[in-house]
Amino acid sequence: MRYGRMGWMGLLAAGLLLAGCGGGGGGVSVTKDNDGHSEVHNPDSFEAQPISDSQKKAYLKAINDARAQQQDCGSEGVKDPAPALQWNDALYRAADEHSYDMSESDTFSHDGSGTESDYTAQVLGLDHSTVVDRIENNGYSDWHRVGENIAAGTNMDTAEKAVQAWLNSPGHCANLMNPEFKEVGMSHRKKAGTHYINYWTQDFGARQ
């Protein structure tokens with residue numbers, strides 16, 4: 001099993017901010033070059049768990065309440081308030097696929113498990129999926145920048161707890177407060193008998 005480092009409320013992997021030359025500073029962020037494009041796959045989207053409009057609004061409120069305030073992101077510096085994010089269903093499908101994969105495979109990593117629950121890897125014939133693989137395969141192919149935060153914990157059962165845990169971790173906090181991101185999808189999966197019970201994925205994006 002792959003697990004990250006222990007956070008104050010549970011498990012936090014280094015926030016992923018994919019940028020041209022790779023991740024850094026505890027965040028995963030990828031930015032496309034002006035002259036190049038990521039490989040675009042024909043979407044064969046994951047069938048995400050249904051999510052109500054009220055749940056989307058609740059997740060957005062937890063995220064945007066945090067972005068509306070100045071945040072001290074520790075080694076990543078103090079971040080000014082950032083514009084509110086909008087919900088995106090493609091990013092939600094990618095996030096839910098990964099939360100499902102982590103809960104089903106009892107793993108914790110930005111990489112997919114490579115097992116049957118790693119849907120995008122199965123569709124594309126990969127050893128395991130990456131953040132970009134999942135985001136593109138779920139229909140968010142025209143992106144300029146994407147990022148991901150993940151968290152897990154036996155008591156991390158609300159969006160507010162997950163967001164607070166990310167705010168307390170420099171790399172995750174920097175992702176959450178990044179003003180370049182415009183859209184988000186966030187998913188929670190819960191499975192009894194797994195190592196951490198609650199698994200969260202937060203996928204960010206900005207389109208060209």
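Guide: Start at asparagine 198 in strand S9, where lysine 190 stands opposite. This is a predicted model, so local features need pLDDT of at least 70 and side-chain atom pairs pLDDT 80 or more, while totals for chains, interfaces and linings use all residues. Residues are numbered from 1 along each chain as its sequence is written, and side-chain values use heavy atoms, with hydrogens and water left out.

S9 covers residues 198-207. Strands here are DSSP runs of E with at least two residues, helices are runs of H or I with at least four, and both are numbered from the N terminus. Asparagine 198 in S9 also has glycine 153 opposite. Strand S7 (residues 143-153) pairs with S9 in the antiparallel sense, over 10 bridges. Strand S8 (residues 183-190) also runs antiparallel to S9, joined to S9 by eight bridges. Pairing requires that DSSP finds at least two bridges between two strands.

Isoleucine 197 sits in the loop between S8 and S9. Its phi is positive, about 70°, although isoleucine 197 is not a glycine.

Nine of the 10 residues of S9 are buried. Buried means under 20% relative accessible area, exposed over 50%, and partly exposed in between (1.4 Å probe, protein chains only). In a regular strand, side chains alternate between the two faces of the sheet.

One of the buried residues is phenylalanine 204, at 0% relative accessibility. On to the rings: the structure holds six aromatic pairs. Rings of Phe, Tyr and Trp (its six-membered ring) pair if their centres lie within 6.5 Å; planes under 30 degrees apart count as stacked, over 60 as edge-to-face, and the rest as tilted. Phenylalanine 46 lies in the loop between strand S3 (28-31) and helix H1 (53-67), and tyrosine 100 in helix H2, so the pair ties together parts 54 residues apart in sequence. Phenylalanine 46 is buried at 9% relative accessibility, whereas tyrosine 100 is partly exposed at 24%.

Phenylalanine 181 lies in the loop between helix H6 (170-176) and S8, phenylalanine 204 in S9, 23 residues apart. Phenylalanine 181 is buried too, at 1%. Elsewhere, ring pairs link Tyr59, Trp87, Tyr92 and Trp200 into a cluster.
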